[in-house]
Amino acid sequence: MFSHIKVRPIPANRAHTLCHFSVMFVLAFGTTMVQAQPGGLTLNEALQLSLQRSSLPKAAQASVQASREAAAKAGQLPDPMLKAGIENVPVNGADRWSTTRDFMSMRRIGIEQQWVSADKRVARSERARRATEMEEGNYLADVARVREETAKAWVNVLYAQRSLALVQTLEQQAAGDLSAVQASHRGAKAAAGDVVQAQLALSQAKDATRKREQELKNAKLALARWTTMPVKSIADETLSLVSHVPHLTLENLEKYHPTVIAARRAITLADAETTVATRERYPDWTIEAGFSQRPQFSNMLSVSVSIPLTFNRSERQDRDIAERAAMGTKARLQYEDAVRESQTEIQSLSFTLESLKERLMQLNAELLPAATQQAELSIAAYRAGTGSLSAVFNARKMLLEQRLQIMDLEKEAALTWAKLEHHVLPHELAFAEGAAQ
């Protein structure tokens with residue numbers, strides 16, 4: 001932080017100790033001089049913590065694991081069915097309810113198996129694998145969302161810290177100014193109105209500090225929602241505000257952009273569903289073998305085959321195929337829209353970021369120097385006895401407002417950069433996911 005620099009009072013009933021050039025220096029160059037607590041949380045550390053501890057990716061991982069378990073059984077035959085019973089028991093006559101006296105009565109045990117053709121099982125396995133890929137795409141989308149929200153929350157804390165440090169410096173300066181004016185007033189070198197002006201300036205500085213403190217607390221709570229741990233402070237990093245995302249090709253978007261990834265995988269899943277529906281057009285056969293035991297008579301062996309009769313394929317099986325084909329068309333159209341939407345969003349964010357950076361350069365080059373010069377002129381006029389203390393305070397307030405305006409613009413640019421750079425997957429995460437598949 002900055003030390004309070006005392007200036008030797010100048011007579012002629014003016015509190016010249018208020019005219020500290022250190023204040024102008026703080027207001028003009030506050031952003032670059034503000035330092036966060038040592039060892040604060042860096043942006044990369046926050047991103048890593050959010051991926052490790054946030055419940056959202058873990059829930060998506062559990063869904064992926066469930067889908068993989070379902071895929072493992074998709075290509076298996078149905079379980080065989082064991083059958084047992086007693087057949088041809090008489091219900092009247094001398095042998096009624098007897099299971100041994102009538103020659104037709106028999107105890108029967110058998111096994112039944114529904115036979116699913118190999119091509120059907122392959123198609124079902126492929127559909128299950130594509131469904132797993134869709135769940136993996138949902139997981140990647142959650143990862144990207146967590147990274148984006150964490151980055152934006154971290155940026156909010158960064159600029160809340162910076163703005164708080166700036167207004168705290170001004171509060172300390174205002175407190176020193178008030179003490180100097182009160183001392184000058186006791187020595188009959190400052191008017192009572194000057195004391196009131198200094199008190200008002202200090203009150204406004206204190207209120208600004210309390211406001212920024214509350215904003216910082218809220219920003220830290222928002223960041224802790226993603227890191228799942230209290231955030232004491234973050235490292236005061238200088239963000240480059242340079243993004244590689246606008247240069248991604250369509251092929252790269254299918255690797256790194258969660259929305260495009262999900263849209264592409266929806267197509268492959270729809271195609272797999274169509275293949276399954278086509279294979280299901282031909283019914284499964286059921287084979288049964290049974291052994292029947294008859295007391296005092298020959299035992300018997302039975303074999304049977306059950307074949308569903310598809311008399312109305314055009315209104316049943318063919319309808320299923322048409323439904324799946326239509327879903328494939330829908331998936332392809334949605335993919336085209338997802339690509340256009342993602343490209344438009346990237347271009348919009350990129351243009352916004354470049355515009356904000358240009359505005360920052362202009363304000364830093366024109367607005368701050370002008371505001372600083374105005375404050376210096378008001379100080380010079382006050383020293384010369386031609387200006388008022390109120391003009392000095394107004395100039396200082398305007399300089400603070402301009403510095404905060406630029407800081408808010410820097411924050412907007414940083415948030416735009418965070419959204420642009422972190423709403424897609426980093427190379428290492430996308431590569432690791434692709435290798436896992």
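A: Start with Leu363, which counts as buried at 18% relative accessibility. Buried means under 20% relative accessible area; exposed means over 50%, and partly exposed lies in between (1.4 Å probe, protein chains only). This is a predicted model: local features need pLDDT of at least 70, side-chain atom pairs count only at pLDDT 80 or more, and totals for chains, interfaces and linings use all residues. Residues are numbered from 1 along each chain as its sequence is written, and side-chain values use heavy atoms, with hydrogens and water left out.

Leu363 belongs to helix α8. Helices are DSSP runs of H or I with at least four residues, strands are runs of E with at least two, and both are numbered from the N terminus. Setting aside neighbours within four places in sequence, Leu363 is in contact with Leu368, Pro369, Gln405, Ile406 and Leu409. Contact means heavy atoms within 4.5 Å. Arg403 lies 40 residues from Leu363 along the chain, yet their C-alpha atoms are 9.6 Å apart.

Next, find Thr416 in helix α9. Thr416 is buried, with a relative accessible area of 10%. Beyond its neighbours within four places in sequence, Thr416 contacts Leu349, Thr352, Leu353 and Leu356.

Now for the core. In soluble globular proteins, nonpolar side chains tend to be buried together. A nonpolar core here is a set of buried Ala, Val, Leu, Ile, Met, Phe, Trp, Tyr and Cys residues joined through side-chain atoms within 4.5 Å. The largest one has 61 residues. Leu43, Trp154, Val155, Leu223, Ile234, Leu239 and Trp417 touch the most other members. Helices α2, α4 (118–186), α5 (192–227), α6 (250–256), α7 (258–279), α8 (317–384) and α9 (389–422) each supply at least two residues of this core. Zoom in on Leu239: leaving out neighbours within four places in sequence, Leu239 meets Leu43, Trp154, Val155, Leu158, Ala414 and Trp417. A second, separate core has 9 residues, including Val181, Ala198, Leu202 and Ala205.

Turn to helix α2, residues 43–53. Its buried residues are Leu43, Ala46, Leu47, Leu49 and Ser50. They span an arc of only 165 degrees around the axis, so they sit on the same side of α2. The arc is that of the directions from the helix axis to the C-beta atoms. The face turned away from this buried side carries the exposed residues Asn44 and Gln52.

Gln61 sits in helix α3, residues 55–72. Gln61 is partly exposed, at 42% relative accessible area. The C-alpha atoms of Gln61 and Leu140 are separated by 9.5 Å, though the two residues are 79 apart along the chain.

Two charges sit over rings. The rule: NZ of Lys or CZ of Arg lies within 6 Å of the ring centre and within 35 degrees of the ring normal. The charged end of Arg121 is over the ring of Trp115, 5.5 Å from its centre. Arg162 lies over the face of Tyr159, 5.0 Å from the ring centre.

Finally, step back. The protein chain has 10 helices and 4 strands. From the N terminus, the order is α-α-α-β-β-α-α-α-α-β-β-α-α-α. Of its 437 residues, 41% count as buried. Among contacts between residues at least 6 apart in sequence, 82% join residues at least 24 apart.
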